Amino acid sequence: MSAAVHIEAVVSTQSTGGEFPVVVVSSLVSSLAVTAAMTPFDVIATRMFNQQHGLYYSGWLDCVSKMYKIEGLGGFYKGTVAHYFRIGPHTILTLIIWDRYRKWFL
C-alpha cells in the first residue's frame, strides 16, 4: 500500500489527466514492486513443495543457500513474468477498488 501511495503522489504531480488515470498508473507500478518483492518467496515455496519428502532440501534455509550457490541471485527470480501475470491483475484491481472505496465511503 505505501508504494502505491508514494507512486500516486509522484505521478499526480506530473499528470494533468485527472484522478483515475493516476490511480491506474500507480497501481500498475505498484504491482511491479509487489512482484519483485514476492517472486523469491514464491520460487522457494514452489521448490519446497515440489520436492519429494526432503529429497533435495532439508528446509527453507537449505533451499535458499543451495539456490544461491548454484544459480546465483537470478535463480530467485525465475518465472517473474508468469508471477506478474498471476498477481499483477490482483494487485492492480485491489488498489483501484480500495481507492474508489476510500473516496466513496471513508
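Colleague: To start, what percentage of the residues of the protein chain count as buried?

Modeller: Of its 106 residues, 31% count as buried. Please keep in mind that this is a predicted model.

Colleague: Thanks! And how many helices and strands does the chain have?

Modeller: There are four helices and zero strands. Going along the sequence, that gives the pattern α-α-α-α.

Colleague: What share of the contacts with a separation of 6 or more comes from residues 24 or more positions apart?

Modeller: Those pairs account for 60% of such contacts.

Colleague: Let's go inside, then. Which residues make up the largest nonpolar core?

Modeller: That core has six residues: Val 43, Ile 44, Tyr 57, Cys 63, Met 67 and Phe 76. Helix 2 (19-50) and helix 3 (60-71) each supply at least two residues of this core. As background, nonpolar side chains in soluble globular proteins tend to be buried together.

Colleague: I'm looking at Phe 76 now. Which residues does Phe 76 touch, not counting those up to four places away in sequence?

Modeller: Phe 76 touches Thr 39, Pro 40, Val 43, Ile 44, Val 64, Met 67 and Tyr 68, with that sequence limit applied. Val 43, Ile 44 and Met 67 are also among the core residues.

Colleague: How far apart are Lys 78 and Pro 40?

Modeller: Lys 78 and Pro 40 are 38 residues apart in sequence, and their C-alpha atoms are 8.2 Å apart in space.

Colleague: You listed Glu 71 as a contact of Lys 78. What do the side chains of Glu 71 and Lys 78 meet in?

Modeller: They meet in a salt bridge, at 3.0 Å from N to O. Glu 71 counts as partly exposed because its relative accessible area is 29%. Lys 78 has 48% relative accessibility, so Lys 78 is partly exposed as well.

Colleague: How many salt bridges does the count come to?

Modeller: The count comes to seven salt bridges. Another of them joins the side chains of Asp 42 and Arg 86, also at 3.0 Å from N to O. This pair links distant parts of the chain, with Asp 42 in helix 2 and Arg 86 in helix 4, 44 residues apart.

Colleague: Why does Asp 42 count as partly exposed?

Modeller: Asp 42 counts as partly exposed because its relative accessibility is 26%.

Colleague: Moving on to Asp 99: is Asp 99 buried or exposed?

Modeller: Asp 99 is buried, because its relative accessible area is 2%. The side chain of Asp 99 meets that of Arg 102 in a salt bridge of 2.8 Å, N to O. Both lie in helix 4, three residues apart, which is about one turn of the helix. Arg 102 has a relative accessible area of 30%, so Arg 102 is partly exposed.

Colleague: Which residues are linked with Asp 99 in a network of salt bridges?

Modeller: The network links Asp 99 with Arg 100, Arg 102 and Lys 103.

Colleague: Now for some rings. Which residues do ring pairs link into a cluster?

Modeller: Trp 98, Tyr 101 and Phe 105 form that cluster. The count for the chain comes to four aromatic pairs. Trp 98, Tyr 101 and Phe 105 also belong to a nonpolar surface patch with Trp 104 and Leu 106, and together the patch has about 650 Å² of accessible area.

Colleague: Where is Tyr 101 found?

Modeller: Tyr 101 is in helix 4, residues 80-105. With 38% relative accessibility, Tyr 101 counts as partly exposed.

Colleague: Last one: which residues does Lys 66 touch, leaving out those up to four places away in sequence?

Modeller: Lys 66 touches Tyr 56 and Tyr 57 under that limit. Lys 66 lies in helix 3, and Lys 66 and Tyr 56 are 9.4 Å apart, C-alpha to C-alpha.

Key
Residues numbered from 1 in each chain as written. Predicted model: local features only at pLDDT ≥ 70, side-chain atom pairs only at ≥ 80, totals over all residues. Heavy atoms only, no water. Core = buried A, V, L, I, M, F, W, Y, C linked by side-chain atoms within 4.5 Å. Buried < 20%, exposed > 50% of the residue type's maximum accessible area, 1.4 Å probe, protein only. Contact = heavy atoms within 4.5 Å. Phe/Tyr/Trp six-rings, centres within 6.5 Å; stacked < 30°, edge-to-face > 60°. Patch = residues over 30% accessible without salt bridge, like charges linked within 9 Å, V, L, I, M, F, W, Y side chains within 5 Å. Areas by Shrake-Rupley, 256 points an atom, 1.4 Å probe, with all protein chains shown as cover. Salt bridge = Lys/Arg side-chain N within 4 Å of Asp/Glu carboxyl O.
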